[in-house]
Every structure is written in structure tokens, then in C-alpha cells.
Amino acid sequence: MVRYHITVTGLVQGVGFRYFVYHSASKSGLTGWIRNCYDDSVELEVQGEIKSLDKFITELRRGNGFSEVENIISAVIDIKENEKSFRITY
């Protein structure tokens, strides 16, 4: 089990990117959250098994067909033990 803090830059706001990420994470059994940032990037924390996370990050890079991901910056952070789902925050 591992948890990442991820910042995604590019055309990722106003194009359904958060909902795409929410559905991707949920179907993969990952937990965490995602939100828009004031600098037009998107920030998220995601937690799960490494194999699922690798697949998830590959999907992030591709985007949803409307988004254009320029860069993904990730860092390993502490796991949250009792987290049950992935959610969109504001």
C-alpha cells in the first residue's frame, strides 16, 4: 500500500478531468481526493496497491480526451489508514 500526492498541470480544469479521475480511481479501488487549484492545476492524493496506482497514473497521463496533461509531479506521502473512498473536494 502506498499513497501519492500528485499535481497535474496542463488543460485540466473545465474539461471534466476531476470526474474522469474520480471514476478511474473508484473503479480501481483507490482512495483519496482531488481538487482544482488556483493556478489552473489539479491536486490529488491517491492511495492503493502499487500495481493499481501504476495503471491509474498511466490513465492520468492520457486524460479524458478533452484534457491535455502537460506534467505530473508526484511524491510518496503517509498512508491514511481509515480512508474508504475517493472523492472530489472543493
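Reader: In which sense do strand S1 and strand S3 pair?

Author: In general, the strands of a sheet pair through backbone hydrogen bonds, either parallel or antiparallel. In this predicted model, S1 (residues 2-11) and S3 (residues 42-48) pair in the antiparallel sense, over seven bridges. Within this pair of strands, Thr7 stands opposite Glu43 in S3.

Reader: In what order do the five strands form the sheet?

Author: The order is S4-S1-S3-S2-S5; the sheet is open and its pairing is mixed. Strands S4 (68-77) and S5 (86-88) each have a single partner strand and stand at the edges, so one side of each is left without a neighbour in the sheet. On average, neighbouring strands of this sheet are turned by 15 degrees against each other, direction ignored.

Reader: Which strands does helix H1 lie across, and which does helix H2 lie across?

Author: Helix H1 (residues 17-27) lies across S1, S2 (31-36), S3, S4 and S5, and runs at about 170 degrees to S5. Helix H2 (residues 50-62) lies across S1, S3 and S4, and its run is at about 5 degrees to S1.

Reader: Where does Glu83 lie, and which side chains does a polar contact join to that of Glu83?

Author: Glu83 lies in the loop between S4 and S5. Its side chain is joined to that of Arg3 by a polar contact of 2.6 Å, and to that of Thr31 by a polar contact of 2.8 Å. Leaving aside neighbours within four places in sequence, Glu83 is in contact with Arg3, Thr31, Gly32 and Gln47.

How values were computed: Residues numbered from 1 in each chain as written. Predicted model: local features only at pLDDT ≥ 70, side-chain atom pairs only at ≥ 80, totals over all residues. Heavy atoms only, no water. Pairing = 2+ DSSP bridges. Helix = DSSP H or I, 4+ residues; strand = E, 2+ residues; numbered from the N terminus. Axes fitted to C-alpha atoms, helices over the stretch in contact; angles between N-to-C directions. Contact = heavy atoms within 4.5 Å. Polar contact = N/O pair within 3.5 Å; in protein donor to acceptor, adjacent residues only side chain to side chain.
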